[in-house]
Amino acid sequence: MNERTERRLKFMTEMPKICVPIVGKTESEIVRAGKELSGSAADLIEWRADYFEHLFEPDKLLETLQKLRKALGKKPLLFTIRTAGEGGETAISFAKYSDILCQVGQTKLADYIDVEAFWGYRTEEGDLEKNTPEQIAAELCHEPVRCLVQELQTEDQAQVIGSYHDFDKTPSDQEMYNRLLAMKEMGVAIPKMAVMPQNREDVMRLMQVTMRVKERLGNGPVITMSMGSLGAVSRVAGALYGSDVTFGCAGKASAPGQIELDRLQEMLKTLAIKEG
């Protein structure tokens, strides 16, 4: 078993895994954060490379990645470029986005790589409520994403976390269900969805949909969250409804509603579900 295999997360435990993002702009900020988090309670470290000032300079990007990997020790690393279209810090073409992710994948330094699964998808091209997940995943507009996932997710590279974010609303139950399963049909290892609630019912609906998806996938890993203060309960109740990873923060948050790492860990321990 190699080091990357040993770093892979083991899901289906009493508590969701905790992921903490690094959002530094400079190499020194990023590496320093990695060293600090290497001994923390976080199970997974996400490098939000869209914050990095040298994102579009391959040599500097890969040099920083190497230093961060060393700083993290045995902590698994998730590499993410969150685009402006899904709440991130950079505007980027799909060609450039794909190129950077593939370069990172080839280094074998990242254990997980985030891919925005619905890049360029326009709802008028297919009905997200009526079409099946298989039909949605097979649409021509998703061909580039499927090819990217296939290139990244080889046996000796990273596992792909497919992602979708809606910062305006919580979609209908059927749309959320179809999007999560469509990501799996595209070939991602772990589908992930973050949505914005308008009321308490929205938060409950996300939890119920996640339970349905978990059942459909035979309890395979899924990541979902309801954002903002209203959705904070979804970040600590994953063991109850089936979300396998929750996102906290150590300093600056990367999304609305993230809870500080130490506080989040204590809350998860308190709510840990033990069968039997």
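Author: A residue is called buried under 20% relative accessible area, exposed over 50% and partly exposed in between, with a 1.4 Å probe and protein chains only. By that rule Val213, at a relative accessible area of 0%, is buried. The model is predicted, so local features are reported only at pLDDT of at least 70 and side-chain atom pairs only at pLDDT 80 or more, while totals for chains, interfaces and linings use all residues. Residues are numbered from 1 along each chain as its sequence is written, and side-chain values use heavy atoms, without hydrogens or water.

Val213 is found in helix H8 (helices are DSSP runs of H or I with at least four residues, strands are E runs of at least two, and both are numbered from the N terminus). Leaving aside residues up to four places away in sequence, Val213 touches Tyr177, Leu180, Leu181 and Val222, contact meaning heavy atoms within 4.5 Å. Between Val213 and Ser40 there are 173 residues of sequence separation and 31 Å from C-alpha to C-alpha. The loop between helix H8 (200-216) and strand S7 (223-226) holds Asn219. Asn219 is not a glycine, yet has a positive phi of about 70 degrees; its relative accessibility of 42% means that Asn219 counts as partly exposed.

H4 and H6 pack at an angle of about 10 degrees, their axes 10 Å apart (axes are fitted to C-alpha atoms, for helices over the stretch in contact, and angles run from 0 to 180 degrees between N-to-C directions). H4 is therefore roughly parallel to H6 (under 35 degrees is roughly parallel, over 145 roughly antiparallel, 65 to 115 roughly perpendicular and the rest oblique). On the H4 side the contact is formed by Phe94, Tyr97, Ser98, Leu101, Cys102, Gly105 and Gln106, and on the H6 side by Pro144, Val145, Leu148, Glu151 and Leu152. By class, this contact contains eight nonpolar, three polar and one charged residues (Ala, Val, Leu, Ile, Met, Phe, Trp, Tyr, Cys and Pro are nonpolar, Asp, Glu, Lys and Arg charged, and the others, Gly among them, polar).

With H3 the geometry is as follows: the axes of H3 and H4 come within 11 Å and cross at roughly 40 degrees, which means that H3 is oblique to H4. Here Pro58, Leu61, Leu62 and Leu65 of H3 meet Ile100, Gln103, Val104 and Thr107 of H4. The class composition is six nonpolar, two polar and no charged residues.

H2 contributes Glu27, Ile30, Val31, Gly34, Lys35 and Ser38, and H3 contributes Glu63, Thr64, Lys67, Leu68, Ala71 and Leu72. In this contact there are five nonpolar, three polar and four charged residues.

Arg69 also lies in H3 and, at 8% relative accessibility, counts as buried. Beyond residues up to four places away in sequence, Arg69 touches Arg7, Lys74, Lys75, Pro76, Leu77, Leu109 and Asp111.

Just after H4 comes Lys108, in the loop between H4 and S4. Most residues other than glycine have a negative phi. Lys108, not a glycine, instead has a positive phi of about 65 degrees, and at 36% relative accessibility Lys108 counts as partly exposed.
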